[in-house]
Every structure is written in structure tokens, then in C-alpha cells.
Amino acid sequence: RTQPEWRLGGSGSIHDHRETLAVNKDSSHNLQTAGQLLEADPRKCTGCGMCRLICSMVKEGRAHAPLSRIRLIRYAGPHLHLPVICRHCEQAPCMTVCPREAISRDGDAGRVMVNYDRCISCKMCVAACPFGAMGFDMERRTVFKCDLCDGDPQCIRFCFPGALTYTAQQRQTQSRTRVAARLRLAGGKMR
């Protein structure tokens, strides 16, 4: 597996908003497959937040975790870190509540997408998402969510513990999250 390449712009600071991310686009990394979604394994997540920084750099052009399409819930105790990502639900509540029908399913890949030409930024989708995967950019006054980087999610390339994977939709389960939550509630240790 080829390692990603970084190119820093501007002053070279990690916080410089002019920074850009360039990823080695080797053909062996082509992940564009219909019906695949991101899956997070909280047992492997170290809570480093690299996925959030990469996401914000790719989508917003700056390393600013609050604008990431990935949320990271950190629990005390057994060091449980839960990456929260859009599940592109079959019966997507965000899509159902949108008064402008600005959220729809991409027919080819099955992704739940936002049409910003129709969105009025009412935030009903943010409130409706049971996973907390919809975000709101206060500066631009617009909602945002994961679009799977058009079938090539960059966050998984930088998730060195391997907590994020891109898997076939039918194989995805919530069992890993449930196991991790039960262990945490029981006071068990994460491995």
C-alpha cells in the first residue's frame, strides 16, 4: 500500500487555511464501488482525530475539525472513542424531514446527498439524524454531511489504526458499535 503524500501551501503551518492535501492516486487505491459505505470500529479507534483533520482539509481546505464530516465521541473510562459517520440510511430521516427535498439518494452509488441549490439551511435534517452525522457550518450558514468523497473516502487512507473501513453495504452491521458500548457499560476493557 502506497503511503499518502502531503503538500503544504502558504506558510507551511498545519493551521494555515491555504493548506492543500494531495493524495497519491495510485490505481491500486481506486475505491469507487457502488453500494459501499464507511464503517467505524470503536475497538480500533485511538481517538487521534486524524480522520477529522483530513476530512476538513479535503472538504474545506483547512484543518478545522468542527467542519469535518466525521464526529468523534470520546468516553472516559476504558478509553472508548466512537467515530460517528453518516450511515446513508435506507430510510434516511434527514431526507424525510427536508421541506425542500434538498436531500436525496444518489441512484448510482446509493449515497444520501445534499443539493445545496435547494437547501434553505433550516437545520431540520441536523435535528432528525439519529446518529448526529449532519453538521452545520455557522460561518457559511449551511448544512454538511459525508458524501464518501465521491467514492474515494480520504479518511480511511489516513486512519493508521484501521478503525475506518470502506465495506459493502449489505455486510455492514452495528454489531461492533453495540459490542463496544456493552463493554463500556459493563466496565470491560477495550482491545
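**Close-up views of charged residues**

By the rule used here (a side-chain nitrogen of Lys or Arg within 4 Å of a carboxyl oxygen of Asp or Glu), the count comes to nine salt bridges. The model is predicted: local features need pLDDT of at least 70, side-chain atom pairs count only at pLDDT 80 or more, and totals for chains, interfaces and linings use all residues. Residues are numbered from 1 along each chain as its sequence is written, and side-chain values use heavy atoms, with hydrogens and water left out.

**View 1. A network of salt bridges links Glu60, Arg69, Asp137 and Arg140.** Arg69 and Glu60 pair at 2.8 Å, N to O, and both are buried (under 20% relative accessible area; exposed is over 50%, partly exposed in between; 1.4 Å probe, protein chains only). Asp137 forms a salt bridge with Arg140, also at 2.8 Å, N to O. Asp137 is buried, with a relative accessible area of 5%.

**View 2. Glu60 meets Arg140 in a salt bridge of 2.4 Å, N to O.** Glu60 belongs to helix α1 (residues 50-60) and Arg140 to the loop between β6 (135-137) and β7, so the pair ties together parts 80 residues apart in sequence. Helices (H or I, at least four residues) and strands (E, at least two) are DSSP runs, numbered from the N terminus. Glu60 has a relative accessible area of 18% and is buried, whereas Arg140, at 48%, is partly exposed.

**View 3. Lys145 is buried yet has no salt bridge.** This residue lies in the loop between β7 (142-144) and β8 (164-168). The nearest side chain of opposite charge, Asp147, is 7.5 Å away (Lys and Arg count as positive, Asp and Glu as negative; His and the chain ends are not counted). The side chain of Lys145 reaches the backbone oxygen of Val112 at 2.6 Å.

Conventions
A polar contact is a pair of N or O atoms within 3.5 Å; within protein, one must be able to donate a hydrogen and the other to accept it, and residues adjacent in sequence count only if both atoms are side-chain atoms.
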